[in-house]
Amino acid sequence: MDQRPPLVSSYAQATLWIPRMPACDLIRSQSLNFQYLSTFTTMQYDLVCRPASTAVRFALEAGESITCEVGAMIAMSSGITVETTSKSRGGGGGIMKGIKRMFTGENFFLNHFTSQQSQQTLLIGPTLLGDCIHHPLRSGSMVVQGSSWLASSSSIDIDATWRGFTSAVFSGESMFWVKCSGTGDLFLSSYGAIYPIQVDGEYTVDTGHIVAFEDTLQFKIGKAGKSLIGSFLGGEGLVCKFQGQGKLYCQSHNPPSLGKLLGPKLKPR
Amino acid sequence: MPWNVIKVDKMLDPNQQFRGGVFHHSIPDGRIGADIRISPSEIIAEPSAEALSVMDPSEIARMPRWVIPLSECQVDLGGASGRMVFCRNKERDLTIFCEERGFAAVLGDRSGGMLSEQLHLVKKRQAGENHRFRFWLTVGAVATLLLGVIGYYSVLAAARLAIAAVPISMDEKIGSMAMQTIEKEQKLAADHPATKFVTEIVDRLKPHAAIPEMNFKVIVIQSSEVNAFALPGGQMVVYTGLLKKAETGEQVAGVLAHEMSHATLRHGLQRVSQSLGIVAAIQFLIGDAGGLLALGSQAAQTSILTSYSRQSETEADLEGARMLHEAGLDPESISAFFDKLKKEDGDIPGVLVWVSSHPLHEQRIESIAKFKSTLAKKEYGPLDLDLDTVRKSLQ
């Protein structure tokens with residue numbers, strides 16, 4: 001199907017700016033033998049410096065395009081152009097979608113990186129230390145927690161979805177989540193490690209640890225233990241309960257806890 | 001009704017396709033996007049063109065079509081939106097799901113109402129669960145609020161009790177600390193007629209204070225503001241603006257009696273301990289220590305020490321009235337002063353500093369009058385001090 005040379009050949013080019021990251025040394029030897037992680041994907045990518053400070057490296061051919069979170073770009077070849085709009089590449093969306101996106105904690109704008117030449121490399125990374133993963137979106141949609149969306153194929157539509165007032169007030173999760181639908185590749189970032197769970201039935205995750213979940217999963221707020229008071233004394237408080245069948249991504253750390261830890265120690269300005 | 005007719009027509013379209021998906025163990029990744037049709041007896045799902053386009057050709061050949069007979073179909077509702085319909089076979093190893101509008105209606109129609117009955121039951125159950133959860137959340141929220149309110153008032157009460165155990169020397173220390181922040185350049189000399197005037201009034205009232213041994217001191221500050229305040233421990237500040245504004249010496253005595261009462265009733269310390277107590281309670285609940293330190297440093301500032309609650313103001317009014325009465329002065333001279341202010345300069349904000357931080361003056365006048373009526377009848381003498389000389393010296 002794919003007549004392009006494997007990414008390894010363009011690797012020499014990419015390594016030119018990778019060595020500045022010492023933590024990558026070990027990973028580099030491994031990524032030499034990496035192969036396409038999915039036979040489906042038409043986009044060539046590589047997750048480098050896993051798992052603590054992962055960045056995503058794309059090898060783009062002429063005309064290939066990728067949509068990224070604003071500020072995600074770390075480095076890129078000279079043959080890539082950047083276009084900033086509030087629209088998805090397919091023309092969907094516009095100002096309203098941009099505004100809705102702002103409610104999710106994402107940016108009003110999106111950056112579209114388009115390669116003008118063959119064999120261009122683009123390196124992107126998330127704000128917080130942590131891992132990134134690739135999720136091939138084949139059908140339906142993926143509900144992503146605000147700040148976890150990193151990049152996606154231009155064919156994927158990025159919209160905001162209302163998750164309800166109660167869950168926002170009581171779980172500390174955002175009122176709006178990012179809804180990614182279409183067919184293509186999705187790149188998600190996490191704070192700390194990221195791990196996928198294939199839910200079949202019921203599964204409980206503490207608030208703040210959700211990265212994304214498939215549209216076939218139902219998400220409800222519930223108490224961790226039998227008694228509400230016990231749940232709070234146990235430090236778990238309210239948790240998110242997933243019901244149904246589908247894939248769920250969780251992160252090992254959660255940003256609000258870090259904020260609570262650091263906030264009081266900061267000097268008032 | 002046309003609306004209904006259109007709906008029925010659409011429902012009966014035998015070839016209507018819905019976009020959805022399938023869960024089955026034979027599918028790589030377990031899930032695939034599918035086009036779903038509902039025949040009179042079966043739900044049929046086939047891989048969608050989109051799903052096939054990204055699939056390996058060898059796998060496409062192996063993709064079957066999935067069928068669930070309507071007679072053994074079990075339906076459920078769920079998904080991220082809560083509106084996705086899941087159809088499972090008897091063995092529950094095959095799931096066909098669809099979120100599209102109209103899917104449930106067609107499903108119900110084709111199954112002769114059997115499945116819509118099932119869906120209705122699922123909806124009812126879920127609504128019940130949501131209802132229960134919301135009920136308990138509301139109960140929880142109300143209980144938390146109630147606890148908060150009870151906690152707030154018990155902290156206030158506890159702070160009052162705690163003050164009684166703190167020696168007066170503590171008030172004096174806090175008072176002199178706060179005094180240092182007050183600008184001294186504008187202070188009038190001790191032998192200035194105005195300073196002598198207010199000192200004399202304070203000396204007159206001192207024996208009748210609730211804590212006569214308190215070290216009362218008063219200074220006069222050159223300022224057009226009509227204001228006076230007391231710091232914990234008995235140090236007081238009177239602005240020349242107030243002396244100019246007052247009509248009689250009794251009115252100044254009324255203000256001073258009120259301020260002295262703030263000191264003897266230890267309102268400043270009460271205020272600090274209450275705010276500290278509330279912050280400490282919040283800290284206990286939330287665990288934020290930064291705010292406590294910030295408040296501690298703030299407490300030394302005059303603003304917090306001299307701004308009292310309405311309850312404290314009323315207490316000071318009545319205690320001041322008592323002092324005036326015992327010193328042989330008319331208790332109603334407290335109300336007379338701010339009554340005059342309100343009448344004359346009601347619309348000049350700068351003049352109202354002393355009044356604005358105080359309760360509604362009609363209420364005050366009333367409560368002072370009421371209190372006066374409870375006191376033993378007494379002939380009130382005039383304050384034989386000359387306010388006019390003082391006012392002339394301030395020109």
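**Salt bridges and contacts between chains A and B**

In the predicted model, B:Arg31 forms a salt bridge with A:Glu214, in which the closest N and O atoms lie 3.5 Å apart. This pair crosses between chains, leading from strand β2 of chain B, which holds B:Arg31, to strand β15 (residues 210-214) of chain A, which holds A:Glu214. The side chain of B:Arg31 also meets that of A:Asp215 in a salt bridge, with an N to O distance of 3.0 Å. Side chains of opposite charge can pair when their charged atoms come close.

On the side of chain B that touches chain A, at least two residues each are supplied by β2 (31-38), β5 (74-78), β6 (84-88), β7 (95-98) and α5 (114-165) of chain B. The largest share of that side, six residues, comes from α5(B). By residue class, the side of chain B that touches chain A divides into 12 nonpolar, eight polar and 10 charged residues.

In terms of extent, 30 residues of chain B are in contact with 23 residues of chain A, and the area buried between the two chains is about 2200 Å², of which 55% is given by carbon and sulfur atoms. Of the area that chain B buries against chain A, 28% is supplied by B:Arg31, B:Val54 and B:Ala80, more than by any other three residues.

Within chain A, four strands form an open sheet in the order β1-β2-β7-β4, with antiparallel pairing. Strands β1 (44-48) and β4 (73-76) of chain A stand at the edges and have a single partner strand each, so that one side of each is left without a neighbour in the sheet. Direction ignored, neighbouring strands of this sheet are turned against each other by 20° on average. Elsewhere in the strand order, β2 (residues 55-60) and β7 (residues 120-124) of chain A run antiparallel and are joined by five bridges. Among the residues paired in this way is A:Leu60, whose bridge partner in β7(A) is A:Gln120.

Conventions
Residues are numbered from 1 along each chain as its sequence is written. Chains are lettered from A and ligands numbered from 1 in the order in which they are written. This is a predicted model: local features need pLDDT of at least 70, side-chain atom pairs count only at pLDDT 80 or more; totals for chains, interfaces and linings use all residues. Side-chain values use heavy atoms; hydrogens and water are left out. Contact means heavy atoms within 4.5 Å. Buried area is the accessible area (1.4 Å probe) that two parts lose on being put together, summed over both. A salt bridge is a side-chain nitrogen of Lys or Arg within 4 Å of a carboxyl oxygen of Asp or Glu. Ala, Val, Leu, Ile, Met, Phe, Trp, Tyr, Cys and Pro count as nonpolar, Asp, Glu, Lys and Arg as charged, and the others, Gly among them, as polar. Two strands pair if DSSP finds at least two bridges between them. Axes are lines fitted to C-alpha atoms, for helices over the stretch in contact, and angles run from 0 to 180 degrees between N-to-C directions.
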